Amino acid sequence: MQILLSLLSGIALLAYGIYVTKNGVLKACGSSINVYVARSLSSRLWPLRAVLAGLCTTALVQSSNATAMLVSSFLGKGIIALTPALTIMLGADLGTAVMARILTFDLSAVCPVLIITGVFLFLGKRKKASKIGRILVGLGLVLMSLKLIVSSTAPVAQSETVQLILDSLNGEIVFSIIFGALLAIICYSSLAAVLLTAVIAGGGHLGFTTAMAVVIGANLGSCCLEILGSAGQGIAARRVMFGNTFFKLTVTVLVLPFISYFDPTSLQISIQEQVIWFHVIFNLIVCLGLLPFVPLYAKLLKSLFPDPPAPLDESEPKYLDENAVENPALAVSNAVRETLRLGGFLHEMLGFFNDSLTGKTSLKSQLELKMTQIENLSAKVRSYLDQIEFDDADLNARWHQVFTAVVSTVHAGDLIKRMQAEVTILNKNPEENFSAHSRADLIKLTKIVNENLAFALNAFMTGRESELDLIFTHKNDFKELTDKYSVRQLSKLSPESNGGNDVGALILILISDLRQLNGIFCSLASSRWAQLSAQKQTRQHHPVKTLIENE
């Protein structure tokens, strides 16, 4: 009973340690992790960088399962594509093998040092140090749990019943693989299962061939854990988890026929070392052997797990993942993507408005439908933003920018709807009052506003200074153009033509509305410019603090 409680305690501690480490990593570098991932995958050497990213992440969080969930989250948010995500998982599996090699050394002094240092930093007043302390505590708990799992199950191997079972596995490759998979699931970690297998083999209860089969089964068992963890996480998670499973199944099928031909007797190392090195070599074969074929696996997974049909109601959010709220940076990026969708609705509304200027009718219902979608989606985005909690100054500025942009899209939609009503009145007047020349002016202004909306949304998303400067230039040019058209329209007003004056007044109002609408769109970029300027001033006024934080 005591052994069972120790095992369950070790598994629970392992799960909690992985959770603490993962959250610590996300909180420590969450505000820049999206940019880092995008940059690391933008060069010609992105496959190598992706493998290294997976290896380092797994070495940091001590779990390929946690890496898989993190990669699935990035894939679901559109930060990376499926092919790079699968490539990262190849590095994650290799990272697990490397950590198994490292953990065979005596690290008894490392665990207390990590926990003590982590707690000291976590309880400190500096936020950056507190985040690093959280990571160190998580790593210490993971190392402690792995040692606890291995030490609590080692006595079990000494019982006669278990020894009988282990002896019966010798020579039974298929049953050994199943046993390894079950062992990984029970231990909640293929890393713990491999370490335990090495200990059992070192005690003489498993032959090398059988131990290799158990290690292969442990690798497949970790895939089962990943698949179980992806339940309810969406198509992106299933593609990543099953892709990793297909990788290992492929190499397993290729390696199994030759497993009995491996002869380690010529090696001057213990059988325990042989098991660990086989685990490393197996995952190295998976990584290097299948790396060129990752795009083929990606196509297969897309056909097996197709994208779900788009919702009939476009006001339903596509990217607001409730599970991402715990990671403020990812959650804010989700809200940014929904804000871009709101901008797309505004593009459509401007298209309907432009059509009405050409004399088309029966567009009122379509424009009102888009306005309803903007109102519904914006309300859901604001509610999502209210759930996000953070203590990062840059992220706080980005949050307020997104919230302001969401409110501005509703304001812009109301303004376009009002302009549509004014054009409907103009279209009811005789053609000689609403002249083709006036129509052409309004159509030209509407086209420019629509283009500036596209520029503003791009600047809102990227924050590039060149695009921000371009927005301000377009704003000044548009102001000069509206002044020119307003003066031209005023020159047409005559005290002798009451009907013509009413039409002229409505056209002047429309020009003013378009100018106001353009200002709203430019404000999307100006808020981004204000955020970047504030960041620059912070760096200039606090150079030492910034240097320390960047380190």
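## Reading exposure in a predicted model

A residue is called buried when its relative accessible area is under 20%, exposed when that area is over 50%, and partly exposed when the value falls in between. Lys 479, with a relative accessible area of 41%, is therefore partly exposed. The model described here is a predicted one, and the terms buried and partly exposed are used throughout the report in the sense just given.

## The chain as a whole

The secondary structure of the protein chain consists of 20 helices and zero strands. The chain has 551 residues, of which 48% are buried. Its accessible surface comes to about 26100 Å², and carbon and sulfur atoms account for 63% of that area.

Contacts can also be sorted by how far apart the two residues lie in sequence. Among the contacts between residues at least 6 apart in sequence, 81% join residues that are at least 24 apart.

## The largest nonpolar core

In soluble globular proteins, nonpolar side chains tend to be buried together. In this model the largest nonpolar core has 147 residues, and the members that touch the most other members are Leu 517 and Phe 521. Helix H14, which covers residues 328–357, gives the most to this core, contributing 13 residues. The core draws at least three residues from domain 1 (1–304) and at least three from domain 2 (322–540).

The surroundings of Leu 517 can be listed once its neighbours within four places in sequence are left aside: Leu 517 is then in contact with Leu 350, Ala 412, Leu 415, Ile 416, Met 419 and Val 449.

Asn 283 lies in helix H12, which covers residues 271–290, and it counts as buried because its relative accessibility is 0%. When residues up to four places away in sequence are not counted, Asn 283 touches Asp 93, Leu 94, Ala 97, Asn 219 and Lys 248. Asn 283 and Gly 91 are 192 residues apart along the chain, and yet their C-alpha atoms are separated by 8.9 Å.

Lys 370 is placed in helix H15 (residues 364–386), and with a relative accessible area of 6% Lys 370 is buried as well. Leaving aside the neighbours within four places in sequence, Lys 370 is in contact with Glu 314, Phe 345, Glu 348, Met 349 and Phe 352.

## Nonpolar residues at the surface

Some nonpolar residues lie on the surface, where Val 174, Phe 175, Ile 178, Leu 182, Ile 185 and Ile 186 form a nonpolar patch with about 570 Å² of accessible area together. One of these residues, Ile 185, is found in helix H8 (residues 173–187), and Ile 185 counts as partly exposed because its relative accessibility is 32%.

Val 113, in helix H5 (residues 110–122), has a relative accessibility of 48% and therefore counts as partly exposed. Val 113 and Leu 136 are 23 residues apart in sequence, while their C-alpha atoms are 9.0 Å apart in space.

## Salt bridges

The structure holds ten salt bridges. One of them joins Arg 341 to Glu 338, with the closest N and O atoms 3.0 Å apart. These two residues are three residues apart in helix H14, so that about one helical turn separates them. Arg 341 is buried, with a relative accessible area of 12%, and Glu 338 is buried too, with a value of 0%. A second example is the salt bridge between the side chains of Asp 441 and Arg 488, at 3.1 Å from N to O. Asp 441 belongs to helix H17 (residues 436–462) and Arg 488 to helix H18 (residues 465–492), so this pair ties together parts that are 47 residues apart in sequence. Asp 441 counts as buried at 9% relative accessibility, whereas Arg 488 counts as partly exposed at 25%.

Because Lys 479 and Asp 483 are four residues apart in helix H18, they are separated by about one helical turn. Asp 483 is partly exposed, with a relative accessible area of 31%. Elsewhere, salt bridges that share partners join Arg 418, Glu 422 and Asp 513 into one network.

How values were computed. Residues are numbered from 1 along each chain as its sequence is written. This is a predicted model: local features need pLDDT of at least 70, side-chain atom pairs count only at pLDDT 80 or more; totals for chains, interfaces and linings use all residues. Side-chain values use heavy atoms; hydrogens and water are left out. A nonpolar core is a set of buried Ala, Val, Leu, Ile, Met, Phe, Trp, Tyr and Cys residues joined through side-chain atoms within 4.5 Å. Buried means under 20% relative accessible area, exposed over 50%, partly exposed in between (1.4 Å probe, protein chains only). Domain bounds come from an automatic or database domain assignment. Contact means heavy atoms within 4.5 Å. Patches are made of residues with over 30% relative accessible area and no salt bridge: like charges are joined within 9 Å, nonpolar side chains (Val, Leu, Ile, Met, Phe, Trp, Tyr) within 5 Å. Accessible areas come from the Shrake-Rupley method with a 1.4 Å probe; for residues, only the protein chains shown count as cover. A salt bridge is a side-chain nitrogen of Lys or Arg within 4 Å of a carboxyl oxygen of Asp or Glu.
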